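Please open the model in your viewer and keep the selection tool at hand. The tour below goes from one residue to the next and says what to look for at each stop.

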Amino acid sequence: MKIKADYVNQPQWKELTVKSRLPEQLKCLDELSHNMWWAWNYEARELWKSLDEKLYEEVGHNPVMLLERLTYDRKEEIVKDKAIMKRVKDVYALFRDYMSVKPNKKRPSVAYFCMEYGLNQVLKIYSGGLGMLAGDYIKEASDSNVDMCAIGFLYRFGYFKQSLSMDGQQIANYDAQNFNSLPIERVLDENGNQVVVDVPYVNYQVHALVWKVNVGRVTLYLLDTDNEMNSDFDKPITHSLYGGDWENRLKQEILLGIGGMLTLKKLGIKKQIYHCNEGHAALCNLQRLCDYVEEGLTFNQALELVRASSLYTVHTPVPAGHDYFDEGLFGKYMGGYPAKLGITWDEFIGMGRINPEDHGEKFCMSTFACNTCQEVNGVSKLHGWVSQKMFADIWKGYYPEENHVGYVTNGVHFPTWTATEWRKLYAKYFDESFMGDQSNEKIWEAIYNVPDDEIWETRMALKKKLTDYIRTKFTETWLKNQGDPSRVVSLLERINPNALMIGFCRRFATYKRAHLLFTDLDRLAKIVNNPERPVQFLFSGKAHPADGAGQGLIKKIFEISQRPEFLGKIIFLEDYDMQLARRLVSGVDIWMNTPTRPLEASGTSGEKAEMNGVVNLSVLDGWWLEGYREGAGWALTEKRTYKNQGYQDQLDAATIYGLLENEILPLYYNKNEKGYSESWIKVIKNSIAQIAPHYTMKRQLDDYYDKFYNKESARFKKLSANDNSLAKEIAQWKETVAERWDSIRIVSRENDIPSTGAETGVEYNLKVVVDEQGLNDAIGLELVSVKTNENGEEVISNIFPLKVTGNEGNLYTFEGKIEASSAGTYKTAIRMYPKNANLPHRQDFCYVKWIE
């Protein structure tokens with residue numbers, strides 16, 4: 001027998017984590033590194049930097065990796081360095097003092113669900129604005145000491161890392177995260193094993209490992225399916241944000257909503273309010289319904305309790321931005337749920353349809369959220385109105401302006417986004433109560449007492465910091481990707497902190513109109529090449545890998561930036577992340593935003609700029625429609641001159657050029673003998689004093705409590721008291737009304753309005769008799785008057801309520817007085833609706849019958 005030349009089997013590798021041992025005096029740093037508190041406290045970041053500045057940069061400001069890679073000799077040096085050890089002691093004491101404060105039990109507790117969280121660039125579980133908002137929100141929940149936990153995903157690859165080819169084509173690179181080197185921890189059971197949540201999918205289960213991020217006093221739980229317990233078909237559920245096909249998206253949303261609730265259940269966590277931040281998390285309410293039904297409630301009783309304790313926040317202004325699933329695909333994964341709920345399949349899938357009986361309509365997560373949450377809100381005043389219109393068809397019988405959809409305008413987490421230089425300046429001049437009272441405009445007015453020199457020095461220090469950062473971070477990348485070294489050197493030399501710097505940095509979607517500035521290249525070239533008034537534009541942002549148009553915009557801007565007349569004047573900075581964002585929102589002079597109105601739901605990057613003395617130049621859309629103050633920034637009108645978008649773009653571009661040429665540049669370069677413009681400093685001060693106080697995350701969190709959490713919590717407490725007796729009573733009442741609704745009839749109707757029409761200033765009487773079919777004063781009547789507005793839309797003109805003036809058995813008499821306040825042509829009809837003082841609003845039980 002011939003002996004084989006080789007005989008080797010495949011090794012069965014097992015992962016072994018080897019931790020770097022810290023000296024006893026430094027062990028507190030391990031705890032500190034595993035709490036994201038350091039991400040918004042500059043004292044902690046300065047501590048990490050002092051341990052080994054070069055290594056701190058190499059590890060991308062990740063303190064866990066920093067501690068892992070510190071050499072034995074360096075650790076010994078640190079222990080012997082009295083100055084560093086004093087800093088370690090002081091920062092850790094500051095952290096422990098912060099953590100020792102117990103949650104405020106007077107405010108309702110909250111479970112918060114979101115697909116992404118932007119906490120820091122080292123933890124890549126975010127892609128853009130939604131994640132930034134969610135990350136800021138839970139940080140502020142920690143600072144405000146509220147009882148909150150959050151649910152999300154631990155993505156293996158996160159969102160992509162962006163690079164540009166030599167011709168400006170976006171390249172998406174997905175780098176796997178090493179979970180053992182991140183500021184996260186495994187959630188362990190009583191036996192020391194990592195907690196696993198089993199989530200039902202079709203006829204099998206997906207097994208999610210549970211991790212946690214300590215975000216100050218708040219815990220963010222992250223689910224991870226990329227483990228050996230799952231098949232190759234299910235491991236990718238938590239591979240990347242918004243990746244894969246519609247089936248993978250549905251699997252992600254099942255994991256977030258249903259898996260998220262099962263996680264809380266397994267950990268024994270119950271909260272008073274369940275907040276769905278976007279429709280991705282809507283299925284958390286499905287699991288809650290199942291839990292209540294399993295406890296013995298009927299579906300309708302369960303729905304009362306779930307709705308009363310749920311809030312849905314929508315972030316998109318267009319129907320196309322919501323998630324829709326074909327009935328076949330949805331049924332594949334959700335087919336078993338109607339039986340658990342005690343309802344039919346058609347009744348179940350109808351909860352996700354605007355027209356429940358339309359079998360051709362897809363299941364929409366946002367519609368399901370609207371139907372299972374008592375409260376719904378947009379993220380700015382304008383977006384609240386847009387959302388009222390967008391969801392109006394769910395609550396037929398009511399006009400958009402009547403429905404209950406509200407709004408809370410987004411804000412930003414002040415400690416995260418305000419540069420250290422500004423934080424120290426504010427601490428020096430503002431009242432010591434400032435951090436706990438950030439929305440107090442009186443405190444912010446102290447900015448007017450700060451010497452102009454100090455404001456300018458702070459701005460210039462941050463501009464220099466930005467230009468140094470660009471030179472350090474991008475030199476190697478540009479040399480690799482842009483070919484000609486001399487060209488790159490020339491570009492770097494032209495980055496000028498003394499020039500007026502304008503930033504346009506955000507997701508590259510076509511509605512954000514990044515192309516607007518390039519409408520007239522000759523005029524733009526004259527603006528940026530004026531040696532007396534130099535201007536530089538910094539662009540940054542990613543386009544979704546599936547968004548060809550967005551990627552085309554990036555390529556176009558890159559191509560223009562390479563033209564001789566724009567080299568070093570138009571600069572595209574690739575791989576926009578939180579670290580680059582912090583440098584930009586504090587380092588440029590103007591933050592520019594040019595969306596097509598009303599497609600910017602809120603936007604928050606301009607709010608971050610406000611905290612840093614950077615003024616806004618933006619379309620009056622999203623938050624800026626509320627935020628703009630004359631003399632504190634610049635606004636492009638929200639009014640459309642042309643229906644043709646191309647013409648409108650040309651007009652808006654011309655407006656921007658005109659503002660730059662005639663207002664902004666003359667103002668900025670009207671410099672005194674000290675080298676700065678006193679008029680420009682005045683704009684900065686106005687911006688900080690008049691705008692910034694209203695756009696902090698502290699104000700946003702307080703708004704959610706004042707507008708939604710408090711009232712929902714109070715109502716849920718009433719409904720659930722005494723074995724859910726009121727919830728059961730309301731459910732029974734609704735069932736009775738629904739059963740008899742069609743048999744309710746109008747017995748008579750009288751009014752004294754002349755056949756020739758009404759006159760202004762004259763009071764008329766209306767009397768209606770209704771047979772309520774034994775419902776016992778459960779019906780309301782009102783005369784609704786509508787008119788056509790200038791946009792050709794039918795809107796409410798007036799509503800005249802009718803009051804019950806008597807009854808005989810089932811016959812109820814309603815009477816009211818009507819008076820026209822202005823002449824014109826109107827349409828009128830009587831609206832009948834169910835009334836019950838225990839309902840939160842009319843849309844909670846949306847039965848309407850119109851009577852001619």
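Begin by selecting Glu140, and then show the residues with which Glu140 is in contact (heavy atoms within 4.5 Å), which, leaving aside neighbours within four places in sequence, are His413, Gln438, Met697, Lys698 and Leu701. This is a predicted model, in which local features need pLDDT of at least 70 and side-chain atom pairs count only at pLDDT 80 or more, while totals for chains, interfaces and linings use all residues. Residues are numbered from 1 along each chain as its sequence is written, and side-chain values use heavy atoms, with hydrogens and water left out.

Glu140 belongs to helix α7, residues 129–143; a helix here is a DSSP run of H or I with at least four residues. Glu140 is buried and yet has no salt bridge, since the nearest side chain of opposite charge, Lys698, is 5.7 Å away. Buried means under 20% relative accessible area, with a 1.4 Å probe and protein chains only, and a salt bridge needs a side-chain nitrogen of Lys or Arg within 4 Å of a carboxyl oxygen of Asp or Glu.

Next, select Gln301 in helix α10, residues 299–308, which counts as buried because its relative accessibility is 16%. A polar atom of the Gln301 side chain lies 3.0 Å from the backbone nitrogen of Thr298.

Finally, select Cys373, which is buried at a relative accessible area of 0%.

Note on methods. Helices (H or I, at least four residues) and strands (E, at least two) are DSSP runs, numbered from the N terminus. Buried means under 20% relative accessible area, exposed over 50%, partly exposed in between (1.4 Å probe, protein chains only). Lys and Arg count as positive and Asp and Glu as negative; His and the chain ends are not counted. A polar contact is a pair of N or O atoms within 3.5 Å; within protein, one must be able to donate a hydrogen and the other to accept it, and residues adjacent in sequence count only if both atoms are side-chain atoms.
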